Amino acid sequence: MIYFDNAATTFPKPTAVRDAVLDCIENWCGNPGRGAHTLSLKAADRVYTCREKLALFVGLSDPTRIVFTGGATAALNIAIKGTLRAGDHVLCSELEHNAVWRPLQALRREGRITVDTFPVVGLSKEKILQEVAKRVKKSTRAIVCTQMSNICSVTLPIAEIGAFCRAKGLFFIVDAAQSAGHLPIDMEAMCIDALALPAHKGLYGIPGCGALALGKRLLPKPLLEGGSGVNSRAAQMPDELPERLEAGTLPLPAIAGLLGGLSFLESIDPCALQSHENGLFLAARERIEGLPQYEVIARDAVGPVLLFRHTRASAVAVARKLSENGIAVRAGLHCAPLAHQALRTGTEGGVRLSFSYRNSETELDTLLRILHEI
Ligand code: PMP
């Protein structure tokens, strides 16, 4: 199979990840913080190492502010629902995935918050900031946005929006589901208060875990209550992180996979990875645009994700034909109807190619052959 669906989840995983998951299951899968025996202590040690590596990776000085969650969706729900209060106004971008949009809309439907979106597509950094500033009100409490779209490679000026938030006293919550592993992230330099990450995409871990990285200014309310391994007598969750937001047993094999993924990323040059993915984007764009029936959407945003459509065949039909020929892509709305609307592909979406370090230009030859046949 030729796998161009890495934005859904990266595949295949590096061997370091498989080895790390196996090592966990076979050698250290005790319950951390729930026992004083060696297996539990070993697990606690590995989990802490993963917090340390991830903190370093996202520019956070305190590893205890890395909270493990079930994924980026869970992290965003905690950050959004655990932070916002009745009467708050929130801004998000027009490129948000449903993992941001739906929690915001759920709070809005309950009458607790109001939400406005700001435009991004086709705008310069300066113009995006102006659009953000125009929408800020007295009641605005937070800006929530993605660093990179999940349907194309458009990115947001995170450092600039972060500096703006800090100057205005707003919380800044960032969805790094598509950017982590592709773009540099420095929470402290970018003034990010909460960052949501999945383990299984650009960090090359396996599904089942993600993280919420929290800056010093934000301490969300827990969404889940339960055992934390500390302060068992208390009837409420502890104040300290990460325990406050980690009710229940952690997904240890997935945390092990994340540790393996981070070690893998440490072993490769991030600039070389970025230029590999950008090279594939440029080659694919040139060749797809060479076929008269196809259009590349957001063509100037170069990166790991390329969206295109056929002028007559539906996106789903194109993806089906590709699948019949052993090529995996994702078609449709990609859980991001808002973003498709912004790109004017809201009716039926498009076909998404998403690259990883494993893809090659030879694979593009096969893709182009089938696209040409279609
Ligand atoms: N945000 C974006 C931009 C995404 O692409 C995704 C995954 N499709 C998520 C959030 C949610 O990630 P997960 O499904 O791993 O929780």
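This is a predicted model: local features need pLDDT of at least 70, side-chain atom pairs count only at pLDDT 80 or more; totals for chains, interfaces and linings use all residues.

User: Is alanine 298 buried, partly exposed or exposed?

Analyst: Alanine 298 counts as partly exposed, because its relative accessibility is 23% and the in-between class runs from 20% to 50%.

User: What is its phi like?

Analyst: Alanine 298 has a positive phi of about 50 degrees, although it is not a glycine. Most residues other than glycine have a negative phi.

User: Where does alanine 298 sit?

Analyst: In the loop between strand 9 (294-297) and strand 10 (305-310).

User: Which other non-glycine residue has a positive phi?

Analyst: Cysteine 191 has one, at about 55 degrees. Cysteine 191 is in the loop between strand 6 (171-175) and strand 7 (194-198).

User: Is cysteine 191 buried or exposed?

Analyst: Buried. Its relative accessible area is 14%, and the cut-off for buried is under 20%.

User: Now the backbone. Where is there a cis peptide bond?

Analyst: One joins phenylalanine 11 and proline 12, with omega at about -10 degrees. Another joins leucine 241 and proline 242, with omega at about 5 degrees. For background, most peptide bonds are trans.

User: Which loops hold those prolines?

Analyst: Proline 12 is in the loop between strand 1 (2-3) and helix 1 (15-28). Proline 242 is in the loop between strand 8 (210-214) and helix 7 (252-267).

User: What classes of residue line the largest pocket?

Analyst: The lining has 14 nonpolar, four polar and three charged residues.

User: Which helices contribute to the pocket?

Analyst: Helix 5 (125-135) and helix 6 (158-168) each supply at least two lining residues. Helix 6 gives the most, with three.

User: And where is the pocket relative to the domains?

Analyst: The largest pocket lies between domain 1 (15-266) and domain 2 (269-373), because both give residues to its lining.

User: How many cavities of 30 Å³ or more turn up?

Analyst: A search of the whole structure finds one. The largest cavity holds about 60 Å³ of space.

User: What lines that cavity?

Analyst: Asn6, Ala7, Gln178, His182, Lys201, Gly202, Pro304, Val305, Ser354 and Phe355. By class, that is four nonpolar, five polar and one charged.

User: Which domains do they come from?

Analyst: Domain 1 (15-266) and domain 2 (269-373) each provide at least three residues of the cavity lining.

User: Last topic, helix 3. How many of its residues are buried?

Analyst: Seven of the ten residues in helix 3 (residues 72-81) are buried, so this helix is largely enclosed by the rest of the structure. The buried residues are Ala72, Ala75, Leu76, Asn77, Ile78, Ala79 and Ile80.

User: What do the buried residues of helix 3 pack against?

Analyst: Strand 2 (66-69), helix 4 (98-109), strand 5 (140-146), strand 6, strand 7 and strand 8.

Note on methods. Residues are numbered from 1 along each chain as its sequence is written. Side-chain values use heavy atoms; hydrogens and water are left out. Helices (H or I, at least four residues) and strands (E, at least two) are DSSP runs, numbered from the N terminus. Ala, Val, Leu, Ile, Met, Phe, Trp, Tyr, Cys and Pro count as nonpolar, Asp, Glu, Lys and Arg as charged, and the others, Gly among them, as polar. Domain bounds come from an automatic or database domain assignment. Buried means under 20% relative accessible area, exposed over 50%, partly exposed in between (1.4 Å probe, protein chains only). On a 1 Å grid over the protein atoms alone, a cavity is a set of points where a 1.4 Å probe fits but cannot get out, and a pocket is an open set with protein on both sides within 12 Å along at least five of seven lines; lining residues have an atom within 4 Å of a point. Grid points are joined across faces, edges and corners, and a volume is the space filled by probe spheres set on the points. Contact means heavy atoms within 4.5 Å.
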